[in-house]
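I opened this entry to look up a few backbone and packing details. My notes follow in the order I took them.

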Amino acid sequence: MKRKDFITSLFAFIPLGTGFAGITFMGARFITPRKSEKLYRKIFAMNLDDIEVNESKPFFDLTGRELVLVRTGENDVRAISTTCTHLGCKVHWEADKNIFFCPCHNGVFSPEGAVIEGPPPRPLDTYRVQVEGKVVYLYSQIAES
Ligand code: FES
């Protein structure tokens, strides 16, 4: 093959190769699942003065999941799921011991939801909370996109 013919055929294949690469890329995007994003809505949870420091209040997120709001400081509120990460029993806040306790298999969690004792394999689910003045807001998941 002459050099001129080689260069001519090379330029003829560049658009073909580019088109093939584009089709391959689009095909790969079509068959691989999209990374889902969770969508949240900021909702009113309570007034800060509704509970004293170290007290808790039950609450439900927008999907109906039960959680508990714990006032851990003057302006600090935590929102933690009451569903145990072991087998799904209901945990409760024990203010005198400063722990979440699961009575099913004696699972013990810290005020932040971390596992302290027992069989739970991971921490309790937590929610983002925002305190604005005397009002407490919770970010509740509404959907995944
Ligand atoms: S279900 Fe909570 S410790 Fe087993």
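I started with Asn98, which counts as exposed because it has 12 C-beta neighbours inside 10 Å, and the cut-off for exposed is 12 or fewer. The model is predicted, so I keep in mind that local features need pLDDT of at least 70. Asn98 is not a glycine, yet I read a positive phi of about 60° for it. I placed Asn98 in the loop between S5 and S6.

I then looked up Asn54, another non-glycine residue with a positive phi, here about 80°. Asn54 lies in the loop between strand S1 (38-47) and strand S2 (56-60). I noted Asn54 as partly exposed because its C-beta neighbours inside 10 Å number 14. For context, most residues other than glycine have a negative phi.

Next I traced the sheet. Four strands form an open sheet in the order S5-S6-S7-S8, and the pairing is antiparallel. Strand S5 (92-94) and strand S8 (115-117) are the edges, each pairing on one side only. I recorded an average twist of 40° from one strand to the next. Between S6 (residues 99-102) and S7 (residues 107-109) I found three bridges. Cys102 has Gly107 in S7 as its bridge partner.

Which residues touch the most other members of the largest nonpolar core? I listed Leu69, Ala79, Ile80, Val91 and Phe100, out of 16 residues in that core. Strand S3 (66-73), strand S4 (76-81), S6 and strand S11 (135-144) each give two or more residues to the core. Leaving out residues up to four places away in sequence, Phe100 touches Ile80, Val91, His92, Trp93, Phe109, Gly113 and Leu124.

Key: Residues numbered from 1 in each chain as written. Predicted model: local features only at pLDDT ≥ 70, side-chain atom pairs only at ≥ 80, totals over all residues. Pairing = 2+ DSSP bridges. Axes fitted to C-alpha atoms, helices over the stretch in contact; angles between N-to-C directions. Core = buried A, V, L, I, M, F, W, Y, C linked by C-beta atoms within 7 Å. Buried ≥ 20, exposed ≤ 12 C-beta atoms within 10 Å, placed from the backbone. Contact = placed C-beta atoms within 7 Å.
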